[in-house]
Amino acid sequence: MNLYKVACTNISPSKIGIQKPNEASLKLKRQSMVPKLSSPVRRWLEGLSKQPEQMLLEKFLLMHGLSIQQIAKAASGMRYRNLGKSGLRVSCLGLGTWVTFGGQISDEVAEQLMTIAYESGVNLFDTAEVYAAGKAEVILGNIIKKKCWRRSSLVITTKLYWGGKAETERGLSRKHIIEGLKACLQRLQLEYVDVVFANRPDNNTPMEEIVRAMTHVINQGMAMYWGTSRWSAMEIMEAYSVARQFNMIPPVCEQAEYHLFQREKVEVQLPELYHKIGVGAMTWSPLACGIISGKYANGIPESSRASLKCYQWLKEKIVSEDGRKQQTKLKDLFPIAERLGCTLPQLAVAWCLRNEGVSSVLLGSSNPEQLIENLGAIQVLPKMTAHIVNEIDNILGNKPFSKKDYRS
């Protein structure tokens, strides 16, 4: 599948006889290889409190049509892409709230993560009504209100399907889409979301009812766009056909899992939808729930996601035969990451970003250090040449086959 175009930065050829580092040296190397997100200007800005000098600086920048956030964004090198073939510009890295907000981390850490992300140029923040039973939306909304960020500078997305225990509080009926989104907006303390996603297909609801309900909430100003999550290519095409038949609004984006070990849908199925009907890809789990981070190379750490009771399935996946094979392949990728001067997570995120069919990659972080490291993938992206990508493909051995070249 040749959907993406790769930057042509020259990388020196790999040195022969590279030895695989041991775990201790890898840890030290990983810490030293995290790109510094802040420049001298940004470090100075971060040292300022809401005092006269910052107020003077903000006034000066405003006179020249700039802001402190814009300076920070320039330092991070954030890139922006259109969401599918819509006109909505989203940061190529977004911040997700699954598991973390309202669960794995405190409200204070959540605020730190959002602040780091926003000041680094991230404008996309994703949540869902089901995350922590709605608490993730509450935390997200509280932080936005507290930080006084301009609503027009944010792209907030949420997902509908599991809203409660009652039969009418789940699914994609017109009733739940309208009532569920109203409840989401109340928790978020917002007048609208930018994108509302159908969090999974609903075989109990006719497609026309789903599309009409999504069109209704958009026309009512409750959302700007709508999309799908975990839908098949056939289901997305059906939604598009219904929308065109009845002059309604089609979906603009599909949320799909995408990482080194999960490639088929994003690299084969979604490109065809993008070129035919303009549906883009917003991908999640670039580190495969932490598997690609390297933390599980020697077992299951106590503080990891796989150690939680509700993630027994992840633990079983890691210790399985396929899981052990994946860890072996990850060890083979370490020399490539070392040669590029980055960590394995940064390499994995940059690998997802090298696919220009991906509008944005959603990051999930449980601490500021992890988020800063993952945001550093932006600096690795120019190094993802065709040679590097082919080298990674040879190690993984799972490149999906596509009969068509959509660049032609």
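Predicted model: local features only at pLDDT ≥ 70, side-chain atom pairs only at ≥ 80, totals over all residues.
The protein chain is built with 17 helices and 10 strands, and of its 408 residues, 52% count as buried. If we take the contacts in the chain with a separation of 6 or more, residues 24 or more positions apart account for 77% of them. The accessible surface comes to about 19300 Å², and carbon and sulfur atoms hold 52% of that surface.

Let me turn to helix α13, which runs over residues 321-340. How far apart are its end C-alpha atoms, and what span should we expect? With 20 residues at 1.5 Å a residue, the helix should span 28 Å, and the end C-alpha atoms are 30 Å apart, which agrees. Along the way there is a kink of about 30 degrees at leucine 333, and this position comes shortly before proline 335. Both Leu333 and Pro335 are among the buried residues of α13, a list that also includes Gly323, Gln326, Gln327 and Leu330. Just after α13 comes glycine 341, whose phi is positive, at about 75 degrees.

Positive phi also turns up in residues other than glycine, and valine 99 is one of them, with a value near 75 degrees. Valine 99 sits in the loop that joins β3 (93-96) to α5 (100-104). Is this residue buried or exposed? Its relative accessibility is 15%, and because buried means under 20%, valine 99 counts as buried. Arginine 230 likewise has a positive phi, near 65 degrees, and is found in the loop between β7 (223-229) and α10 (233-245).

Finally, we come to the cores. The largest nonpolar core has 102 residues, and those touching the most other members are Leu93, Phe101, Phe125, Leu181 and Ile392. Helix α14 (residues 344-353) gives the most to this core, with 8 residues. A second, separate core has 12 residues, including Val90, Leu124, Cys253 and Leu362.

Conventions:
Residues numbered from 1 in each chain as written. Heavy atoms only, no water. Helix = DSSP H or I, 4+ residues; strand = E, 2+ residues; numbered from the N terminus. Buried < 20%, exposed > 50% of the residue type's maximum accessible area, 1.4 Å probe, protein only. Contact = heavy atoms within 4.5 Å. Areas by Shrake-Rupley, 256 points an atom, 1.4 Å probe, with all protein chains shown as cover. Expected span 1.5 Å × (residues − 1). Bend = angle between axes of the 7 residues up to and from the residue. Core = buried A, V, L, I, M, F, W, Y, C linked by side-chain atoms within 4.5 Å.
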